[in-house]
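Biologist: Could you take me through one part of this model closely, strand by strand, and then tell me how the helices around it are packed? I would like the residue names and the cut-offs as you go.

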Amino acid sequence: MADATGGEFRGLLDAGERVAPVAATRLNAILPDWRTAYEVADADTEAYWARVARELTWIEPWRELRVEDERNHTEWFAGSRCNITQNVLDRHLEGANRTKTALIWVSEEGEERRFTFEELARFVNRFANVLRRAGVQKGDRVCIYMPLTPEGMAAMLACARIGAIHSVVYAGLAATALRSRIEDAGATALIVADQGVRRGKTVDLWSIASEALSGETPVRRVILHRRSPETALPQGAIDLVPALADASDEAEAEPMEASDPLFILYTSGTTGTPKGVVYPHAGYMVGVARNTRIAYNLKPETIYWCTSDIGWIVGHSCIVYGPWINGVTQVVREGAPDYPDPGVVWSIIERYAVTTLFTAPTALRMFMRFGGKYPAKYDLDSLTILICAGEPLNPEAQIWAYRHVMRDRGPVCDNWWQTETGGPTLGTLPADVAKIGRVGRPLPGVRAEVVDREGKPVADGHGGFLVLQNSWPHMLQTIWNNDARYQEYYSLIPGVYTAGDVATRDGDGYFAVLGRADDVLNVAGHRIGTADVESALVSHPAVGEAGVIGIPDAIKGEEIKAFVVLRAGSQPSDALHKQLFEQVRNTLGPIATPKAIDFVPSLPKTRSGKIMRRVLKARELGIDPGDLTTLED
């Protein structure tokens, strides 16, 4: 058997099982000749990105395509002037897209709001004028603490429209997390809703924001979206709804230099303060437009639904910016994906004839826990492709989704990226073959490698550090007010961007991303990926989710401990306990067999759905778990 870090899932990859692409006549892939796209991008990467950029609207063209310095910074489209909202909104106002539906927003209670591209543009312009009237200027930082509503999305675009830098904080993060981000960004304005809604309950956002604003902060202006008429307007705050009604629906886009920051988005670390990842207007605009289009098959007729939130990078790139630059109609729903019942996602796909669904592996595992009876109740024939990203997609969930959601007639395509990489970076293009357990290849224009600690490439099938060898337009520009932390991405292995993930590559050039480097265990000298053990456990029909950690062992260095959440209808038992040990042993071999398996009701996760293994480990060892600002509960 291969080293577990090789990602060889016995009975799945070893058997050569693949999800075949559907016929081109049904999928109508955006890049049917995907091999040529790779060849063109590899032959001359700069020329490739220049051609992509010319498809978009610019105020002034670039003088130099790419300018690099000795500190690992790259400015794309140097000398250009643009504003990303011209491509999100204005470019669609001539021709058929003007009256095309841009947004179908749905609440947990079933309320629906629709906007055409023209209506969305006028909504954003009114919001931009509210900001300007409030004294917000180009370069000001604006913190947005809003739920997934049209107002939350419009707030982001309104900031971009006037050249302000938005910093979205996931609605529901604690007051300390909100305050730390306000202070680090130096935000002079806060856009906030009084409440959000999740699982039928209101989340009191204004109380959290009020606590975050207590004492001295940089915030000088608060704009409050009162969703409840019972919420009192705080002294000095701007009441958003009447302010929008009173504002003009015409607002010119502020011309922005290529490297002017578009947004700051904070990503938590295990220790210290969160990192404010900075993205510029020009490069982000080009890269996100291209890679969401080709990776998610965004076409004029697409009805697209991404189940993420604006508080995360997926919500920025795959809800607000990427899809609308490409002119697609998208469904957005506020609330939990299993409320009011586990079939709500499938009912929405049926109701709005969704063609492309983007969700997280965590969500797929949750759906799988509920069973195939829920998607079976609904007509999902409109769905042509399912996209996954967020953490490793285990084979069992991928196969389940292919059979029960796509019903053997459309691909389940994985892709990998980070807050820091801006958009899809590795992935399976829709017309390519989706391999079980493999995320796919580096997308055109991106070069990736798997290397050892010295930066030397490792053999195919062996685990190593995932590194990105070149710059690409939609990558982070720096860390806000802390370029030293930005340099850490290039310090472990000089000259390349180190993602912090462990990966393997097979002979066909497909990568498997196994998880964070600090989630790779060392058991008696054998490097074992937590994702491998978790996948082996989830492949048991009784297991819905699993989290695996390493615990110190005097002889082996580390032992493996697993925490298992069972599917609906399954109960803990000694017999099941024994079966799970055997499941891992038979899948990965004796060395990867856990020392202990605990049945638990749930796993600690971030609000974007990633399992927080370090929290499990901290609880087990009785140590400080570090930054918990993104913990769901």
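**A close look at strands and packed helices**

Modeller: Gladly! Let's start with strand 25 (residues 448–451), which pairs with strand 26 in the antiparallel sense over four bridges. Pairing here needs at least two DSSP bridges between the strands, and strands (E, at least two residues) and helices (H or I, at least four) are DSSP runs numbered from the N terminus. Please keep in mind that this is a predicted model, in which local features need pLDDT of at least 70 and side-chain atom pairs count only at pLDDT 80 or more, while totals for chains, interfaces and linings use all residues. Residues are numbered from 1 along each chain as its sequence is written, and side-chain values use heavy atoms, with hydrogens and water left out.

Buried means under 20% relative accessible area, with a 1.4 Å probe and protein chains only. Strand 26 (residues 464–468) is largely enclosed by the rest of the structure, because five of its five residues are buried. Strand 26 also pairs with strand 28 (residues 497–505), again antiparallel and over four bridges. There, Leu468 stands across from Tyr497 of strand 28.

One of the bridge pairs links Asn415 to Gly427 in strand 22. Touching, or contact, means heavy atoms within 4.5 Å, while angles run from 0 to 180 degrees between N-to-C directions of axes fitted to C-alpha atoms, for helices over the stretch in contact.

Helix 10 (residues 281–296) also packs with helix 3 (residues 45–53), at about 90° and with the axes 9 Å apart. From helix 3, Tyr48, Trp49, Val52 and Ala53 meet Val286, Gly287, Arg290, Asn291 and Ile294 of helix 10. By class, this contact has six nonpolar, two polar and one charged residues; Ala, Val, Leu, Ile, Met, Phe, Trp, Tyr, Cys and Pro count as nonpolar, Asp, Glu, Lys and Arg as charged, and the others, Gly among them, as polar.

Another helix pair is helix 13 (residues 361–370) with helix 15 (residues 395–404), whose axes come within 9 Å and cross at roughly 65°. Helix 13 brings Leu364, Arg365, Phe367 and Met368 to the contact, and helix 15 brings Glu396, Ala397, Trp400 and Ala401. That contact has six nonpolar, two charged and no polar residues.

Finally, helix 11 (residues 313–325) has 13 of its 13 residues buried, so it is largely enclosed by the rest of the structure. After helix 11 comes Gly327, with a positive phi near 70°.

Conventions: Buried < 20%, exposed > 50% of the residue type's maximum accessible area, 1.4 Å probe, protein only.
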